[in-house]
Every structure is written in C-alpha cells, then in structure tokens.
Amino acid sequence: MDATMDYDDHCAEIVHQAELLSSHLDESTSLTTSVPSCPDWNLAQLLRHLGEAHRWVEDLVRTRATEPPPETALRVLPRETTEPPAALAAWLTEGARLLADTLRAAGPDARIWTPLPSGSPRFFARRMAHETVMHRADAALTLGADFTVDQRVALDCLDEWMELGSLPEMFDFHPDRRALLGPGRTLHFHATDTPPEAAADWLVDLTGDTLAWRRAQEPAAVSVRAPLTDLLLLIYGRVPSDRDTFAITGDQELLEFWLSRVLFG
C-alpha cells in the first residue's frame, strides 16, 4: 500500500475536502449555529475563515510573496451573514479551486515566504489540504453529519501534525509547551482499523530536551487505541478523550495534559 501523498495529491485534496464540506450545506442549514469544536465561531465564521485562508494563501503563492500578506480577512469574522448557505458553499469551493490551480501553476519548488521551515508551496499545499480536512470535521460535528477520511489522507494529516508540533520553533511560539517535557513521559497512539502495512502507530516522546515523535509501536506511559478517524479528531482537539471509542491505558493525566498544551487550529 502506498500511504504517501505528494504535492499534486495535496492540491487535489484541498478541492475535494472543500466540496465535501459544501455538500453538508443546504437551504435548511443555520449559519448562526455555534461550532462546538471552535467555540468562538458560528458556522458562517468557520466557513468564512476557511475560504479567506484559501484566498490568503493563493495570493501569497501567486505573487511569490517574501513576507505574509495581512491576515485581517481570515481573523476578523463578523458573526452575522445575509448570504444563503448555497452562496457561501459556492464561494468556498471557488476559493479552493483557485488555490489548487495557483499551487499547480507555481509548482512545488517556487521560493515564497512560509511561517515555518520550507520556503516553498509544498508547505502550503499540505497545510491547506489538512486545514480543509479539519474544518470539514468542525462543520460535520456542528451539523451532526458523518465524518470519514480516506486512510491515506488521515495518516498524512496526523504525520504533519506530529512534524509541525515537534519543530524547535514551537517553543518560541508556545513556551508553555516546555512544561510537557519530563522523565517517563511517553504517549502511544494506535489505529485499530488499519492493516499492518499502514504502520498506524505514533509514539510521542517527551523525555528529552525537545518534543519528539516517531512511527512506532512501543510501550508508553499512556496508550490510546481507537479507529484512525477518531484518533485524528482527538489529537487535533476536536473531540474529548472520554468517548467510548477510545481505549486508554496508563497515565490518563499525562494524556490530558499533553492534549491541553498542543492545541492546533
């Protein structure tokens, strides 16, 4: 099984996930419904944030920006909207397609500003693919819709989360995460619904001087077993650990402490 995703896959996934999200919206959808996994937003703000994020990145890639454009449109989000759900859904998918087209035209190796090491559109293609996945999850949780993710996408989404969260720069952005480090602090996550060749095990190692991780099935201070999609939602902070779907053994306080410090937008 080829579990890897490349640049073109990430570009395609941005559009696919936006279309799936838009399919949840119909004329009966209340855009003022609060989003439980993003409690400061209602559904209209969630959709606006994602659509503006797509357009923000599209502008950055198209212009080969060497510094970030203003983020006001994707951060300052009015709670009220006069747009019908269908119009907002069309606007969202339009922005996703525009971004994917611009990323493909630029190619993966163009030199641009990125907030973390990379300096190329590769970073944004992967980040926006998974940003769209997780905000689709937010919308699905809000509307009580089913949320499933292709195995390859979910694996890549979790790997990216682990990679970004363990960068040394994260201590500069989030100095409170240093408190996670300590002897004996390891966490193991295992997906119960994947074949062995997927190697769907993640070991988070907090015993050194940095946050570290590896794909490994090893003993840990706390272990969490669940279907892959549920692990994705847990680790991205979209659902709590007290759901029946999670089988947790070991130091649950460590798990809750880790989850509280590594929140990801």
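# Helix packing, cavities and a pocket

Reader: How do helix α2 and α5 pack, and at what angle?

Author: In this predicted model, α2 (residues 43-62) and α5 pack at about 170 degrees, and their axes are 10 Å apart.

Reader: Parallel or antiparallel?

Author: Roughly antiparallel, because angles over 145 degrees count that way.

Reader: Which residues make the contact?

Author: From α2 come L43, L46, H49, L50, A53, H54, W56, V57, L60 and V61. From α5 come P121, F124, M128, E131, T132, H135, D138, A139 and L143.

Reader: And the split by class in the contact of α2 with α5?

Author: That contact has 13 nonpolar, 4 polar and 2 charged residues.

Reader: Now α2 and α4. What's the crossing angle?

Author: Roughly 25 degrees. The axes of α2 and α4 (residues 85-106) come within 9 Å. The two helices are therefore roughly parallel to each other.

Reader: Left-handed or right-handed?

Author: The crossing of α2 and α4 is left-handed.

Reader: Who touches whom there? Which residues of α2 and α4?

Author: On the α2 side, A44, L47, R48, L50, G51, E52, H54, R55, V57, E58, V61 and R62. On the α4 side, L88, W91, L92, E94, G95, A96, L98, L99, T102, L103 and A106.

Reader: How many charged residues in the contact of α2 with α4?

Author: There are 6 charged residues, along with 13 nonpolar and 4 polar.

Reader: Back to α5. How do its axis and that of α6 cross?

Author: The axes of α5 (residues 121-143) and α6 cross at roughly 115 degrees and come within 10 Å. Angles from 65 to 115 degrees count as roughly perpendicular, so α5 and α6 fall in that class. Their crossing is left-handed.

Reader: Which residues meet in α5 and α6?

Author: F123, R126, R127, H130, V133 and M134 of α5 meet V153, D156, C157, D159, E160, E163 and L164 of α6. By class, the contact of α5 with α6 has 6 nonpolar, 1 polar and 6 charged residues.

Reader: Which residues line it?

Author: The lining of the second largest pocket is L116, P117, S118, R122, F123, R126, E160, E163, L164 and L167.

Reader: How does the lining of the second largest pocket divide by class?

Author: Into 5 nonpolar, 1 polar and 4 charged residues.

Reader: What about cavities? How many of 30 Å³ or more?

Author: The structure holds 2 of them. The largest cavity has about 90 Å³ of space.

Reader: What lines the largest cavity?

Author: W161, M162, G165, S166, V204, L206, L211, A212, W213, W258 and V262.

Reader: Which element gives the largest share of that lining?

Author: α6, with 3 residues. Besides α6 (151-165), β3 (212-214) supplies at least two.

Reader: And the lining of the largest cavity by class: how many charged residues?

Author: None are charged; 9 are nonpolar and 2 are polar.

Technical notes: Residues are numbered from 1 along each chain as its sequence is written. This is a predicted model: local features need pLDDT of at least 70, side-chain atom pairs count only at pLDDT 80 or more; totals for chains, interfaces and linings use all residues. Side-chain values use heavy atoms; hydrogens and water are left out. On a 1 Å grid over the protein atoms alone, a cavity is a set of points where a 1.4 Å probe fits but cannot get out, and a pocket is an open set with protein on both sides within 12 Å along at least five of seven lines; lining residues have an atom within 4 Å of a point. Grid points are joined across faces, edges and corners, and a volume is the space filled by probe spheres set on the points. Helices (H or I, at least four residues) and strands (E, at least two) are DSSP runs, numbered from the N terminus. Ala, Val, Leu, Ile, Met, Phe, Trp, Tyr, Cys and Pro count as nonpolar, Asp, Glu, Lys and Arg as charged, and the others, Gly among them, as polar. Axes are lines fitted to C-alpha atoms, for helices over the stretch in contact, and angles run from 0 to 180 degrees between N-to-C directions. Angles under 35 degrees count as roughly parallel, over 145 as roughly antiparallel, 65 to 115 as roughly perpendicular and the rest as oblique. A crossing is left-handed if the near helix is turned anticlockwise from the far one by less than a right angle, and right-handed if clockwise. Contact means heavy atoms within 4.5 Å.
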